[in-house]
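Please look over the sequence and the structure before reading on.

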Amino acid sequence: REDLWVREGKILNPEKLFFDEKGSADIQVDCKDSIIAPGFIDVQINGGFGVDFSLATDDFKSGIDLVSQKILSHGVTSFCPTLVTSPPSVYHQVLPQISIRNGGAHGAGILGAHLEGPFISKEKKGAHPEHCLRTFEAGAFQDLLATYGSLDCVRIVTLAPEMKRSSEVIQELTKRGICISLGHSVANLSQAEEAVQHGATFITHLFNAMLPFHHRDPGIVGLLTSDKIPTGRRVFYGMISDGIHTNPAALRIAHRAHPKGLVLVTDAMAGMGLAPGRHTLGQQVVEIDGLNTYIAGTKTLSGSVATMDTCVRHFQEATGCSVETALEAASLHPAQLLGIEHKKGTLNYDSDADFLMLNDGLYVQATYIAGEEVWRQDAFGM
């Protein structure tokens with residue numbers, strides 16, 4: 001029971017091996033008292049290491065490959081490359097170059113794209129360029145198809161539910177198995193509840209780019225304790241736990257109100273892993289100062305440069321939650337959100353052998369995908 005058995009990329013129930021096949025392990029690894037945890041899943045990452053997923057470049061594929069390779073050292077074994085609000089030409093160029101694929105030594109697996117915008121609120125656009133924002137009024141779902149070009153690789157769409165005709169768009173996307181997230185929005189609680197009744201299941205970076213909580217109309221934040229959620233459904237919410245985007249007290253309030261829905265996201269951008277200075281986020285120039293990232297010349301926060309393992313450690317420290325709870329917020333919950341918890345986000349038998357070894361301080365020591373070691377901290381701590 002103390003051992004984790006892996007065969008052919010899956011976590012194995014060893015009983016059958018012992019009793020039916022009378023087999024034993026071909027390779028044994030001493031984990032040296034490490035914590036073994038499921039690999040992290042980042043459902044909102046705009047880029048990193050100088051790569052911006054919202055820029056249509058000729059070498060887009062090598063950029064996505066670089067990010068998927070580099071995030072292995074931060075415990076991320078699969079992710080959703082995220083595009084911020086962009087002109088239709090960018091979606092038409094970039095989306096065909098994103099292919100859903102398994103992870104391995106080449107890098108973390110790609111679960112599909114997260115399209116954050118352009119169907120969002122002007123008042124709460126955050127770091128999104130206003131001239132690219134769009135509405136559904138003319139053709140609803142047809143407008144969305146024309147903007148994105150293709151939905152083949154799309155896994156999550158963030159939109160503002162108060163927009164006219166958003167209900168029909170939410171229903172159409174949900175039918176296609178695409179997860180709808182509410183964000184960059186001035187929706188009141190009843191608009192948010194209606195969106196959930198039509199199929200929305202996620203909230204994009206809770207508290208950021210939405211109306212602040214008000215006791216008479218708590219807005220989207222009110223979904224955490226709403227009694228209008230359809231039976232058997234759970235609303236998940238993303239949180240950027242970097243100590244900048246949300247005060248630790250706000251993180252604690254959300255976690256205590258709805259612990260099973262919390263999904264840690266990095267919302268990382270091109271500047272993650274790079275020195276402070278000027279970088280891009282889609283159509284905007286951003287400045288990095290420590291862990292703060294602003295649209296150049298303003299104090300508008302724009303994405304983060306936090307890595308997933310940093311977010312897990314900060315979340316655990318800020319909330320005082322158990323190690324298991326902190327790890328589940330970066331693994332089990334995002335897997336449940338995407339409906340892939342039967343194969344990712346746990347160490348259950350028959351699930352994919354994507355796992356991490358961490359020390360007691362929750363620093364990643366090694367990353368495994370499909371049972372193969374894809375990254376290890378060397379003796380010099382490099």
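Which residue in β17 does I288 stand opposite? I288 stands opposite T293. The structure is a predicted model, in which local features need pLDDT of at least 70 and side-chain atom pairs count only at pLDDT 80 or more, while totals for chains, interfaces and linings use all residues. Residues are numbered from 1 along each chain as its sequence is written, and side-chain values use heavy atoms, leaving out hydrogens and water.

**The sheet β15-β16-β17**

- Three strands form an open antiparallel sheet in the order β15-β16-β17; strands (E, at least two residues) and helices (H or I, at least four) are DSSP runs numbered from the N terminus.
- The edge strands, β15 (277-281) and β17 (292-295), each pair on one side only; pairing requires that DSSP finds at least two bridges between two strands.
- Strand β16 (residues 284-289) pairs with β17 in the antiparallel sense over four bridges.

- In helix α4 (residues 141-148), the buried residues are F141, L144, T147 and Y148; buried means under 20% relative accessible area, exposed over 50% and partly exposed in between, with a 1.4 Å probe and protein chains only.
- Seen down the axis of α4, these residues fall within an arc of 120°, so they line one face of the helix; the arc is that of the directions from the helix axis to the C-beta atoms.
- The cover over the buried residues of α4 includes α3 (88-94), β9 (113-116), β10 (154-159) and α5 (166-175).
- G149 follows α4 and has a positive phi, near 85°.
- Helix α2 (residues 60-70) has F60, G63, I64, V67 and S68 as its buried residues.
- Down the axis of α2, its buried residues fall within an arc of 130°, so they too line one face of the helix.

**Positions listed by UniProt**

- An unreviewed UniProt entry lists E116, H184 and H205 under "binding site"; UniProt positions follow the numbering used here, feature names are shortened, and annotations may be inferred rather than shown by experiment.
- Although spread over 90 residues of sequence, they cluster in space, with a largest C-alpha distance of 11.0 Å.
- H184 lies in the loop between β11 (179-182) and α6 (189-197), and H184 is buried, with a relative accessible area of 4%.
- H205 is placed in the loop between β12 (202-203) and β13 (236-239); H205 is buried, at a relative accessible area of 5%.
- Leaving aside neighbours within four places in sequence, H205 is in contact (heavy atoms within 4.5 Å) with residues including E116, H184 and D267.
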